Amino acid sequence: MDHLQSPPSPQNLIHVFYHEGILAHNAGTGVFDSGFDPGFLEVLDGHPENSDRVRNMVSILRRGPVKDYIKWHGGRRAEISELLSFHTPEYIEELVQANRSRGKEICAGTFLNPGSWDACLLAAGTTLLAMKHILDQHAKLSYALVRPPGHHAQPSQADGYCFLNNAGLAIQLALDSGCKRVAAVDIDVHYGNGTAEGFYRSNNVLTISLHMSHGSWGPSHPQNGTIDEVGEGDGFGYNLNVPLPNGTGDEGYVYAMNRLVVPALRKFEPEVIVLVAGQDSSAFDPNGRQCLTMTGYHKIGQIIRTLADLYSNGRLLVVQEGGYHVTYAAYCLHATLEGVLDLQDRLLSDPIAYYPEDKGYSIKVIDAIEKYWRDSIPFLKEL
Ligand SMILES: [Zn+2]
């Protein structure tokens, strides 16, 4: 169906920012993500947040059918001073010291090993470059292909494989460059608690997170991701959580996007949109309990692109987060970017044959969240 697509044009390219130094972060082996060897297993897992997953993301974008729509750029390290726009000096010092002492498990499953800190700085700096490319009007669509992920990293706390909040730093850069309203839509299967925490008292940043209902998972992640965590002070109403029932699939996610995310962004009118993208909401992810397929990721990408064209003059930054199935995460990324490019006919078909979805319960929950927003969120009263 290639002949039906418009050919790539300078207006419809994704500018991908990537530095291979991020592959040096190695979180080790163990029972899944624990780093623990019980002594009675013949074969241990590589940590799920490993370089193989990103190698496949890079190669599918270089060699898959979307390759003609991509312009590649390098990355750079963030300066320590840049990190302080989102993180506290004490926390950054803790990470610097952990790096000097040749590594440490900073919190559960989150290992800063030799090579990790350099990868963190590259991930943060490369995401800043991708945002700056948009702010400087060199492009409308940018994608930061980075790891370690960032959206659980709070101003003073590492969490969930994340050390530095790459998306949060990019959002702060947009604010510091004069943007008054930035929206972050987080579709990683886990609550984007770090980004939420960073902007919890701000009405300049609307954070919306669609995630499985996982609640707090320990001292590094005290937030619950429930609908009543809505922000504080000036930020009251500007953190919107969409905890979707476990098992939600393509139709449930698209319903949530159309019923909840689209009206909220229409009211908020962001100047830049950040899609915080994790493929761990896919049906096969070892870390997630949701059932998205390539079809769902494609539709989410299209909806976000439409919102960017309507409200933010097309300005959209995509930031890579989780996604731990070594092959299927790459396919889902490809589908997401096809959607962001607003390609009507799919370039790449789904390699996996069968996915059940029972959407009834998801839709009831989404309708209840919509009612809660109308009753409780001042700027959405007339949703
Ligand atoms: Zn995740």
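Helix 7 and helix 8 cross in a right-handed manner, a crossing being right-handed if the near helix is turned clockwise from the far one by less than a right angle, and left-handed if anticlockwise. The model is a predicted one, in which local features need pLDDT of at least 70, side-chain atom pairs count only at pLDDT 80 or more, and totals for chains, interfaces and linings use all residues. Residues are numbered from 1 along each chain as its sequence is written. Helices (H or I, at least four residues) and strands (E, at least two) are DSSP runs, numbered from the N terminus.

Axes are lines fitted to C-alpha atoms, for helices over the stretch in contact, and angles run from 0 to 180 degrees between N-to-C directions. From helix 7, Asp250, Tyr253, Val254, Met257, Val262 and Leu265 meet Thr295, Gly296, Lys299, Ile300, Ile303, Leu307 and Tyr311 of helix 8, contact meaning C-beta atoms, placed from the backbone, within 7 Å. By class, nine residues of this contact are nonpolar, two polar and two charged (nonpolar: Ala, Val, Leu, Ile, Met, Phe, Trp, Tyr, Cys and Pro; charged: Asp, Glu, Lys and Arg; polar: the others, Gly among them).

Met257 of helix 7 has 24 C-beta neighbours inside 10 Å and so counts as buried (20 or more other C-beta atoms within 10 Å; exposed, 12 or fewer; partly exposed in between; C-beta atoms placed from the backbone). Neighbours within four places in sequence aside, Met257 contacts Val262, Ile300 and Ile303. The C-alpha atoms of Met257 and Lys299 are 9.4 Å apart, with a sequence separation of 42 residues.

Helix 1 (residues 51–63) packs against helix 9 (residues 328–340) at about 40 degrees, with the axes 8 Å apart. This pair is therefore oblique, and its crossing is right-handed. Arg53, Asn56, Met57 and Ile60 of helix 1 make the contact with Ala329, Ala330, Leu333 and His334 of helix 9. Five of these residues are nonpolar, two polar and one charged.

Strand 10 (residues 239–244) is largely enclosed by the rest of the structure, because six of its six residues are buried. Asn239, Asn241 and Pro243 point one way, and Leu240, Val242 and Leu244 the other. Strand 10 runs parallel to strand 9 (residues 205–212), to which six bridges join it; pairing requires at least two DSSP bridges. Within this pair, Leu240 stands opposite Ile208.

Notes: Angles under 35 degrees count as roughly parallel, over 145 as roughly antiparallel, 65 to 115 as roughly perpendicular and the rest as oblique. Two residues are in contact if their C-beta atoms, placed from the backbone, lie within 7 Å.
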